[in-house]
Amino acid sequence: MDRAELSITVHRTGDEVVLRLAGEIDMLTAAQLSTVVNEVLADPPPRIVLDLAGVTFCDSQGLGTLVVLSRKASHSQCLLILSNVGDFLLRVLDITGLRSALMIRNETPSG
């Protein structure tokens with residue numbers, strides 16, 4: 001079995017930092033995500049956007065990490081926004097009741 005991988009690309013644009021995530025957010029990769037977000041929060045921008053378009057899996061540890069990071073960001077007067085959240089993850093957030101705890105900005109496809 002392959003080891004779960006998560007790649008994180010950081011893009012700073014004006015007043016927001018976009019983290020493009022690709023792979024799996026789980027017990028093996030959640031700490032990596034926390035480390036990157038904590039580094040960004042060392043000099044907090046107004047907004048951190050987690051682009052989840054490339055995320056293929058997220059377990060309970062990953063969900064917990066997203067909630068903790070969202071709270072950490074708000075303590076730093078920073079908004080943590082999830083974007084391009086996949087249908088599977090939206091369903092999980094609905095089922096667990098965490099959707100209301102996170103800010104989600106999905107671009108609605110036009111057309």
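Q: In this predicted model, what percentage of the 111 residues in the protein chain is made up of buried residues?
A: Buried residues make up 41% of the 111 residues in the protein chain, where a residue counts as buried when its relative accessible area is under 20%.

Q: Which elements does the protein chain contain, and in what order do they run from the N terminus on?
A: The protein chain has 3 helices and 5 strands, and, read from the N terminus, these elements follow the order β-β-α-β-α-β-α-β. The radius of gyration of the protein chain is 13 Å, close to the 13 Å that the globule rule gives for 111 residues, so the chain is as compact as a globular protein of that length.

Q: How should I read the contacts in the protein chain between residues at least 6 apart in sequence?
A: One looks at how far along the sequence the partners lie: of these contacts in the protein chain, 64% join residues at least 24 apart.

Q: Which backbone nitrogens lie within 3.5 Å of a polar atom of the side chain of aspartate 59?
A: Among them is the backbone nitrogen of glycine 62, at 2.9 Å from a polar atom of that side chain, and another is the backbone nitrogen of methionine 27, at 3.3 Å. Leaving aside neighbours within four places in sequence, aspartate 59 is in contact with Ile25, Asp26 and Met27.

Note on methods: Residues are numbered from 1 along each chain as its sequence is written. This is a predicted model: local features need pLDDT of at least 70, side-chain atom pairs count only at pLDDT 80 or more; totals for chains, interfaces and linings use all residues. Side-chain values use heavy atoms; hydrogens and water are left out. A polar contact is a pair of N or O atoms within 3.5 Å; within protein, one must be able to donate a hydrogen and the other to accept it, and residues adjacent in sequence count only if both atoms are side-chain atoms. Contact means heavy atoms within 4.5 Å. Helices (H or I, at least four residues) and strands (E, at least two) are DSSP runs, numbered from the N terminus. The radius of gyration is taken over C-alpha atoms; the globule rule is 2.2 Å times the number of residues to the power 0.38. Buried means under 20% relative accessible area, exposed over 50%, partly exposed in between (1.4 Å probe, protein chains only).
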